Amino acid sequence: LGRPGPARADVQYELGPLKLVTEDDPSLQPPKLNMGDMIDPSKDEPVVTDRAYMKILVDGEPAGVLNFDLYGKVAPKTVENFLALCEGTGTGSASYKGSSVFRVIDGQNVGLGDIAGKGDKCVKSGTCVSAFGGPFLAETYSISHSVSGLVSMARGLTTEGETTVDSRIFITPAADAKWADGRYVAFGRLNQKDDSMQLLERLQKLEVQGAKNIPKKTVIIGESGIIR
């Protein structure tokens, strides 16, 4: 993949002030979509164009590896961002290595890839990081959250109401997470033929603290990269 190329003139990548968006924020409603146009990966999985991995450490000890199958034909810019951050070739050498698992909600999702080190607070402070520098506009909601292990981008919201993405991702363990449809950009899935799903199950059982469901143990991405 290499370093991301120059920003296209027709797409806004780096944005101005953002405001924090939470699931109970009444100001954000899912866009009106033609659900018949969505891709249901439980029936017709998108073509896997790229693969990447993350080695997870829990309190400094190896916990296992998450291997990702990515859908670059459906979400090319999102996959480009993810691969560059996995390889550490983003703007300013931004990398997933050393970033945290910042949220664990048992049965709903595991959030990771917090390069800014602030969880969702990076949205409000304007410090979220992507391979292109700052947040960039969400490119598609085409993939339905209808299978377990789906990988999606966490989000921010511009003051104009446009959804943005950065480095933060989340993985849904449930086979039916339709609450995320039309809200979050899905762009890949954990590999279903290795131990990635088992590691996800262990991560979602971690003890958490506070309203933000932050793991009590220190959980980080010890290493990440592209599978060639």
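## Report on a predicted protein model

Asn213 is found in the loop between strand 12 (208-209) and strand 13. The structure described here is a predicted model. Although Asn213 is not a glycine, its phi is positive, at about 55°. With a relative accessible area of 24%, Asn213 is partly exposed.

Ser93, which is a residue other than glycine, has a positive phi near 60°. Ser93 belongs to the loop between helix 1 and strand 4.

### Strand pairing

Which strands pair with strand 2? One partner is strand 3: strand 2 (residues 50-58) and strand 3 (residues 61-70) run antiparallel and are joined by nine bridges. Another partner is strand 14 (residues 219-227), which pairs with strand 2 in the antiparallel sense over eight bridges.

Individual residues show how these pairings are made. Ala52 has Phe68 in strand 3 as its bridge partner. Val58, in turn, has Val219 in strand 14 as its bridge partner.

Strand 2 and strand 3 also form a hairpin, with two residues between them. In the turn of this hairpin, Asp59 has a positive phi of about 50°.

Val65 lies in strand 3. Its relative accessibility is 29%, so Val65 counts as partly exposed. Leaving out residues up to four places away in sequence, Val65 touches Tyr53, Met54, Lys55, Ser196 and Leu199. Val65 and Glu223 are 158 residues apart along the chain, and their C-alpha atoms are separated by 9.3 Å.

### Salt bridges

Side chains of opposite charge can pair when their charged atoms come close. How many salt bridges does a search of the whole structure find? The search finds seven.

| Pair | Distance, N to O |
|---|---|
| Arg51 and Asp69 | 3.0 Å |
| Asp166 and Arg168 | 2.9 Å |
| Glu207 and Lys216 | 3.5 Å |

The salt bridge between Arg51 and Asp69 has its closest N and O atoms 3.0 Å apart. Because Arg51 lies in strand 2 and Asp69 in strand 3, the pair ties together parts that are 18 residues apart in sequence. Arg51 is partly exposed, with a relative accessible area of 39%. Asp69, by contrast, is buried, with a relative accessible area of 10%.

Are the side chains of the next pair buried or exposed? Asp166 has a relative accessible area of 1% and is buried. Arg168 likewise is buried, with a relative accessible area of 1%. The side chains of Asp166 and Arg168 meet in a salt bridge.

In the pair formed by Glu207 and Lys216, the side chains meet in a salt bridge. Glu207 is exposed, with a relative accessible area of 56%.

Thr78 lies in helix 1 (residues 76-87). Why does Thr78 count as buried? Its relative accessibility is 0%, and a residue counts as buried when this value is under 20%. Apart from its neighbours within four places in sequence, Thr78 is in contact with Phe136, Glu139, Met153, Val185 and Phe187.

### The second largest pocket

The second largest pocket has a volume of about 240 Å³. Strand 4 (100-105) and strand 13 (214-215) are the elements that give two or more residues to the lining of this pocket. Which element gives the most to the lining? Strand 4 does, with four residues.

In total, 16 residues line the second largest pocket. Those that lie nearest its centre are Phe102, Asp114, Lys118, Gly119 and Ile214. By class, the lining has seven charged, five nonpolar and four polar residues.

### Summary

In this predicted model, strand 2 pairs in the antiparallel sense with strand 14 and runs antiparallel to strand 3. Thr78, in helix 1, is buried, whereas Glu207 is exposed. The lining of the second largest pocket includes residues from strand 4 and strand 13.

Note on methods. Residues numbered from 1 in each chain as written. Predicted model: local features only at pLDDT ≥ 70, side-chain atom pairs only at ≥ 80, totals over all residues. Heavy atoms only, no water. 1 Å grid on protein atoms, 1.4 Å probe; cavity = no way out; pocket = protein on both sides within 12 Å on 5 of 7 lines; lining within 4 Å. Points joined across faces, edges and corners; volume = space filled by probe spheres on them. Nonpolar A, V, L, I, M, F, W, Y, C, P; charged D, E, K, R; others polar. Pairing = 2+ DSSP bridges. Buried < 20%, exposed > 50% of the residue type's maximum accessible area, 1.4 Å probe, protein only. Contact = heavy atoms within 4.5 Å. Salt bridge = Lys/Arg side-chain N within 4 Å of Asp/Glu carboxyl O.
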